[in-house]
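Reader: Hello! Could you take me through one part of this model closely, with the cut-offs spelled out as you go?

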Amino acid sequence: MKSLPGISAQIDEKIINKVIQKKFALLSPYYYSFMSNWLIRAYKRYDDIDKFLIIVYLIHKNLVFYKKNGLVVDYGSFYKDRTIEIEKINISEISHDLKIPKESVRRKILYLEKKGLIKRIGKKIFVDRSTFLNAKATDTLKELCILLNEFNKLLKKEKIIDSVFELKEIDRSIKNNFSFCLYQLNKFLFIYFNRWRPEMKDLETLTIAMLVILNATQNQEFKPSKLSIKSYREEIMGSDTRGVNAMSISDITGIPRPTVVRKLKWLIENNYLNINNKKLISLDVKESAFEKTARLQDKNMLSLSYLIHRLFNQIKVINS
């Protein structure tokens, strides 16, 4: 019989953050790919990220219930033959928690009802099974496993741990403890989007900006001299000489080209992005915009550290 793991088996959250700060350049392509792809998939569900986010929020209510009652539901059971039932829907609560104006929440809830994606019966609300499965975190789970696996490699390079878990081990651990892991991930996403929403105006603008950032991080010609987050975010500015055009952004995200052009114009005018004489867009955050985004990024790295702390320690303990 295996002995129970001790507290010393955990990796401290501060150590995780220290590794992220020190080696961010190595983690950034996977991190930005994860965030960018989540936003793009969210938009493509209903041509509106907030509508999808509201669905995720309603599903999250079940995860909160499980956590409060000490229940852990595995991946297969969570998605098996069911609809999601919520005791009551509170427009003000959704507005407060997701930082979406109350009238916008009301309008989007009515849209979701009209389309049969959610149903109200008395005070209760039901997320339709097809809607529930449409929000299934299949691709998100794969990308989360890759992100955790890459971070695991950094921990080994830093000699904090001795081994690297295979992707299938991470995947199995998350699926066995799925309700706990999805709860932690959703919490991170809600906090992340709430931080960026006031800065970017809306999540579609963030999606466009995130794709330009991802394009810069995946530029093979960019070789940062240092790996730290502070050095990386300074050196990556203006490093992407290729750029990306509005049509490509529209094709990848699914956001209509006129909307992309309008939001790019705002991002350029507010010093987040740069456009060259060939109409190609690249990452080049300047002046006060750089200071604001740096502060937000530091806060988000603390949130990411907490997420990795909760998920990775669970994987480490289960697989040890």
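Author: Happy to. A residue counts as buried under 20% relative accessible area, as exposed over 50% and as partly exposed in between, with a 1.4 Å probe and protein chains only. By that rule N149 is buried, because its relative accessibility is 8%.

Some ground rules for the model come next. This is a predicted model, in which local features need pLDDT of at least 70 and side-chain atom pairs count only at pLDDT 80 or more, while totals for chains, interfaces and linings use all residues. Residues are numbered from 1 along each chain as its sequence is written, and side-chain values use heavy atoms, with hydrogens and water left out.

Back to N149, then. This residue sits in helix 7, which covers residues 138–157; helices (H or I, at least four residues) and strands (E, at least two) are DSSP runs, numbered from the N terminus. Setting aside residues up to four places away in sequence, N149 touches V164, F165, E166, L167 and I170, where contact means heavy atoms within 4.5 Å.

A disulfide is a covalent bond between the sulfur atoms of two cysteines. Here the criterion is a pair of cysteine sulfur atoms within 2.5 Å, and the structure holds 0 disulfides. C145 is in none, and its nearest cysteine sulfur, that of C181, is 9.0 Å away. C145 counts as buried because its relative accessibility is 3%, and C181 counts as buried at 2%.

Leaving out residues up to four places away in sequence, I20 touches L27, F151, M301, L304, S305 and I308. I20 and S228 are 208 residues apart in sequence, yet their C-alpha atoms are 8.0 Å apart in space.

Is a lysine such as K108 buried or exposed? K108 is buried, because its relative accessible area is 11%. K108 belongs to helix 5, residues 102–114, and, apart from neighbours within four places in sequence, is in contact with D48, D50, K51 and I54.

S225 counts as exposed because its relative accessibility is 61%. Beyond residues up to four places away in sequence, S225 touches S231 and E235; E235 is 10 residues along the chain from S225, and their C-alpha atoms are separated by 8.1 Å.

Finally, the setting for these residues. The protein has 14 helices and 5 strands, and 52% of its 320 residues count as buried. Its radius of gyration, taken over C-alpha atoms, can be set against a globule rule of 2.2 Å times the number of residues to the power 0.38. The value is 20 Å, which agrees with the figure near 20 Å for a compact globule of 320 residues. Along the principal axes, the C-alpha atoms fill a box of roughly 55 × 55 × 30 Å. Among contacts with a separation of 6 or more, 73% come from residues 24 or more positions apart.
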